[in-house]
Amino acid sequence: MTAPDSTAPDSTAPDSTAPDSTAPDSTESTESTEAAPLTGTPAAPRRRSFGLVAATALVMGNIIGGGIFALPSAVAPYGTVSLLAFAVLSVAAVLLALLFGKLARRSPVTGGLYVYPRDAFGPFAGFLSAWSYWTMCWVSIAALAVAVVGYTDVLIPLHGNHLLEGLVALAALWLPAAANFAGTRWVGAVQIVSTVLKFVPLLLVATVGLFFVHADNFGPFNATSDSVPGAVAASAALLLYSFLGVESAAVSAGEVDDPERTVGRASVLGTLGSALVYLLGTVAVFGLVPHEQLATSGAPFADAVNAITGGHWGGTAIALVAVVSIVGCLNGWILMAAQMPYAAARDGLFPAPFATVGKGGVPGFGVWACAVLGTVLIALNYTAGPDTTFRILVLITTFTGCVPYLLSAAAQLYWLARGSRAQVRPAGLARDLIVAALSFAFSFWLIAGAGYAAVYQGVLFLFAGIPVYVWLRGRQDPAETPA
């Protein structure tokens, strides 16, 4: 079995065995390469640009997105048991962060959740992981666009008009898409502003709000007819949406300085920091807004600030900040949704148009694809009404996001199982096995907690990619097909 702390073999040679754990790190240089394409074409070297602080900020910035602004209302119908689910999920997120840190030591290249299954199980597993992650991205984009509606209603009353609500959601989707078409410079500028703004309402509610909490507002512990474990699993499946992004440093490992060490540390630090802000903020919202009101609120953080200030001006200001923050988060997720298929397309595992890059440095076809698909999903789901649309989209995102997590954990278990016993350090092996096994179990548990409807729709999205894989692999030159 492999030494848990060993430096991994190159990601393009999945059949090699990890070296001795006493070997020095082999990635001290300032340059790295992308995940090697399956066609054998080497990727251009990429200069590393993220240190520990920058990588930690990347993880926190992607985890603390726009979903948290709507999730307190989404989980309120489960009762305060959802706070217990938040604590359990925080532990699961830290375990995933540790897992990605270990996998980054083995394959310190850009691609992350796509590279690990590909190297362990072959191109089909890599494709499924990339396809599922890409699906998670554009479904997540649709969910975020829907989350904008509730806070827009605080600023401009929409009076429950579903047509107007749908148009607001579409505007929230296409405005950041236009920024992506303008190029990476505009994407970066929007991201900086929105990242600063998103922390304002969260920190305000998570700190000042705790002094205004009333115990009567929390409501029942378990407000459902399910058992406590069932309610925890169901609410955790929704709350996972707020932790998507824990893999950010691993996906961008090719741009991180000393990724064997930095990716794991940044992932854990960023996840812990985000979990603390999330938990305190959610506790404060539950204690500031009466349970019955929170369960139907479209803007829970605005309601929480109104409870602190005793008026409406505070909630209006927070609603404006939330709209800007969520649109900025959409800006970053649209870019990620374009970059993941870009990496797979370079390996011949996604349609070739996804590999094209426009003048602004953004994969333009990928932006168009996710924007159009997000538009279709918003239109289809809004027929069920805004109260259920966000919950449906989030649960589909949970399923499609957990599939790459599940495959990555399985890849780590595979590498641990096929190594040399002579290189094993028992304590380290036990630790890595526990982390990988629990990460696999948590991912499986969250998929089960998403519910039949979300798993059914998620499986349809996943299986829809199989004909794409068959077509692409069938058209590859046999000389380019890997052994």
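Trainee: Is Arg431 buried, exposed or partly exposed?

Mentor: Arg431 is partly exposed, because its relative accessible area is 38%, which lies between the limits of 20% and 50%. Please keep in mind that this is a predicted model.

Trainee: Which residue does Arg431 form a salt bridge with?

Mentor: Its partner is Asp432, and the closest N and O atoms of the two are 3.4 Å apart.

Trainee: And is Asp432 buried or exposed?

Mentor: Asp432 counts as buried, since its relative accessibility is 3%.

Trainee: What else does the side chain of Asp432 meet?

Mentor: The side chain of Asp432 also meets that of Lys102 in a salt bridge, at 4.0 Å from N to O. Asp432 belongs to helix 16 (residues 426-449) and Lys102 to helix 3 (residues 81-106), so this pair ties together parts that are 330 residues apart in sequence. Lys102 is buried, as is Asp432. Taken together, Lys102, Arg431 and Asp432 are linked in a network of salt bridges.

Trainee: Why can such side chains pair at all?

Mentor: Side chains of opposite charge can pair when their charged atoms come close.

Trainee: How many salt bridges are there in the whole structure?

Mentor: A search of the whole structure finds four. One of them joins the side chains of Asp119 and Arg118, with 3.1 Å from N to O. Asp119 counts as buried because its relative accessibility is 5%. Arg118 is buried too, with a relative accessible area of 5%.

Trainee: Let us change topic. How many aromatic pairs are there?

Mentor: The count comes to 18 aromatic pairs. In one of them, the rings of Trp131 and Phe350 have their centres 5.6 Å apart and their planes at 40°, so the pair is tilted.

Trainee: Where do Trp131 and Phe350 lie in the chain?

Mentor: Trp131 is in helix 5 (residues 123-155), whereas Phe350 is in the loop between helix 13 (313-346) and helix 14 (364-381). The two are 219 residues apart, and the pair links distant parts of the chain. Both Trp131 and Phe350 are buried.

Trainee: Which residues form an aromatic cluster with them?

Mentor: The cluster includes Phe124, Phe127, Trp134 and Trp138, as well as Phe354, Phe365, Phe461 and Tyr469.

Trainee: What about the overall fold? How many helices and strands does the protein have?

Mentor: The protein has 18 helices and two strands. Of its 483 residues, 58% are buried. Among contacts between residues at least 6 apart in sequence, 82% join residues at least 24 apart.

Trainee: What span should helix 10 have?

Mentor: Helix 10 (residues 259-288) has 30 residues, and at 1.5 Å a residue they should span 44 Å. Its end C-alpha atoms are 42 Å apart, which agrees. Helix 10 is also mostly covered, with 21 of its 30 residues buried.

Trainee: What is the mean pLDDT of the protein?

Mentor: The mean pLDDT is 76, and 77% of the residues reach 70 or more. Over residues 1-48, however, the pLDDT is below 50, although this stretch has 128 contacts in the model beyond near neighbours in sequence. Where pLDDT is low, the predicted coordinates should not be read in detail.

Trainee: Lastly, how much accessible surface does the protein have?

Mentor: The accessible surface comes to about 18500 Å², and 69% of that belongs to carbon and sulfur atoms.

Definitions and conventions:
Residues numbered from 1 in each chain as written. Predicted model: local features only at pLDDT ≥ 70, side-chain atom pairs only at ≥ 80, totals over all residues. Heavy atoms only, no water. pLDDT = per-residue confidence, 0-100. Contact = heavy atoms within 4.5 Å. Helix = DSSP H or I, 4+ residues; strand = E, 2+ residues; numbered from the N terminus. Expected span 1.5 Å × (residues − 1). Buried < 20%, exposed > 50% of the residue type's maximum accessible area, 1.4 Å probe, protein only. Areas by Shrake-Rupley, 256 points an atom, 1.4 Å probe, with all protein chains shown as cover. Phe/Tyr/Trp six-rings, centres within 6.5 Å; stacked < 30°, edge-to-face > 60°.
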